[in-house]
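Welcome! Work through these exercises with the structure open beside you, and try each task before you read its solution.

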Amino acid sequence: MNNNEILVSLDIGTSEIKVIIGEVLEDSLNIIGVGTAKSNGMKKGAIVDIDQTVQSIRNAVEQAERMVGMQVDSVIVGIDGSHIQLQSCHGVVAVQSENREIGNEDVTRVIDGAQVISIPPEREIIDVIPKQFIVDGLDEITDPRGMIGVRLEMEGMIITCSKTILHNILKCVERANLQVSDICLQPLALGSIALSKDEKELGVALIDVGGGSTTVSVFAEGTLIGTNVTPLGGDNVTKDLSIGLRTTTEDAEDIKLKHGHAFYDTANEEETFEVPTIGSNTKESYNQLQISDMIEARLEEIYAYAEREIRKMGIVDLPGGYVLTGGTMKMPGVLELAQDLFRSNVRIAIPDYIGVREPQFTAGIGILQFAYHNARIQGKNLEAAVENAEAYEQPTRSQPKPKKVDSKDGKKKESKLANMFKYFFE
């Protein structure tokens with residue numbers, strides 16, 4: 001197994017932190033390791049406690065490391081939130097080689113040229129996504145390398161985010177003794193695995209319902225045209241159950257996972273269970289129909305907020321319909337409720353890989369797939385994410401890892417991305 005072909009994704013969610021180790025071979029992806037840990041330092045999709053978030057990241061990484069018997073060194077981090085902004089860009093360069101053949105250097109220069117725009121000092125460019133390349137007026141080219149031409153253009157999309165929020169995420173990853181090999185916009189990553197090419201061309205809404213927030217993204221004409229986040233998710237359903245059943249949040253979460261049903265019309269009244277009452281030793285008996293009423297009301301609100309965000313983007317018609325994903329979409333009845341409310345074609349996206357066939361892993365798998373393909377288009381090299389199994393020992397991430405040294409010049413090996421963020425606030 002070649003370590004250069006192994007990538008690791010880090011999905012920092014409000015409820016869970018997920019680490020997925022994947023082996024990428026050409027266009028195929030094999031999942032070889034998965035780690036999940038309860039996310040303690042997050043609220044509504046944002047970091048509220050650095051130390052707790054760092055510990056949660058360590059726990060998830062260690063679980064994935066034990067599964068594969070390797071030490072994870074670097075991760076591709078997924079980023080999301082209302083602070084994300086999309087902006088069109090355009091770059092033009094002359095082809096430099098004598099034989100006029102377009103190479104990696106020309107592609108890098110045209111992408112760099114497209115980033116020469118004015119952005120506010122509190123914002124940072126995290127990625128440039130090429131929509132198409134144009135060679136001497138010939139457009140709709142996905143990869144111009146090897147073509148002959150004089151003038152190379154690139155039309156794409158620049159993704160910017162809040163410097164402060166990005167800095168906090170990078171600080172958490174760094175304190176967990178990991179390097180950041182790349183940063184990936186989660187809606188794009190989700191779209192790469194959850195949506196078909198035809199859906200993205202026609203126009204489709206992707207709704208990712210997580211624990212603390214719901215991300216609404218709209219794709220049309222093959223590209224992402226808008227994304228936003230609402231601070232409502234599965235945790236709100238748990239809180240409603242906790243209040244309605246007068247029980248602890250932990251018991252409410254357990255009941256939601258075991259007996260929850262999101263569509264009142266098809267809930268089973270005969271499925272009964274006992275709930276410990278908070279502040280006493282007594283237990284009350286409830287059935288699925290009773291809690292379904294509470295769950296449906298909250299999910300209906302989440303769907304209504306999602307629909308409102310789509311309308312704010314100026315989208316009136318979605319021929320591709322709605323695609324649902326995220327951890328909350330594991331619950332029975334969520335699809336039927338969405339179909340009843342949206343009155344359109346709706347489906348749930350679940351990744352088709354052994355060991356991760358659940359909607360909460362869609363983002364993590366998407367990050368691996370999207371980052372790999374995007375790096376190939378841009379001519380970037382993603383660093384090897386793991387060390388050899390022979391060198392693996394039981395990880396202790398609370399202790400700093402020894403720094404890698406390049407045997408050729410004896411200098412410390414650091415990624416370009418790490419250096420870029422090192423000077424954010426200097």
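**Exercise 1. Find how far helix 1 reaches from its first C-alpha to its last, and compare that with the expected span.**

Solution. Keep in mind that this is a predicted model. Step one: helix 1 covers residues 50–68, which gives 19 residues. Step two: the expected span is 1.5 Å times one less than the number of residues, and for helix 1 that comes to 27 Å. Step three: the helix reaches 27 Å in the model, close to the expected value.

**Exercise 2. Look at both ends of helix 1: which residue caps the N-terminal end, and which residue follows the helix?**

Solution. Start at the N-terminal end, where D49 is the cap. One of its side-chain oxygens lies 3.1 Å from the backbone nitrogen of D51. Now go to the other end: G69 follows helix 1, and its phi is positive, near 70 degrees.

**Exercise 3. List some buried residues of helix 1.**

Solution. A residue counts as buried when its relative accessible area is under 20%. Among those that pass this test in helix 1 are I50, V54, I57, V61 and V68.

**Exercise 4. Which parts of the chain does the pair D240 and R298 link?**

Solution. Begin with the distance: the closest N and O atoms of this salt bridge are 2.7 Å apart. Then place the partners: D240 is in helix 6 (residues 234–245) and R298 is in helix 8 (residues 288–312), so the pair, 58 residues apart, links distant parts of the chain. As for accessibility, D240 is partly exposed at 23%, while R298 is buried at 17%.

**Exercise 5. How exposed are the partners R357 and D352?**

Solution. The side chains of R357 and D352 meet in a salt bridge of 3.0 Å, N to O. R357 has 48% relative accessibility, which makes R357 partly exposed. D352 reaches 59% and is exposed. To finish, take in the whole structure, where a search finds 17 salt bridges.

Definitions and conventions: Residues numbered from 1 in each chain as written. Predicted model: local features only at pLDDT ≥ 70, side-chain atom pairs only at ≥ 80, totals over all residues. Heavy atoms only, no water. Salt bridge = Lys/Arg side-chain N within 4 Å of Asp/Glu carboxyl O. Helix = DSSP H or I, 4+ residues; strand = E, 2+ residues; numbered from the N terminus. Buried < 20%, exposed > 50% of the residue type's maximum accessible area, 1.4 Å probe, protein only. Polar contact = N/O pair within 3.5 Å; in protein donor to acceptor, adjacent residues only side chain to side chain.
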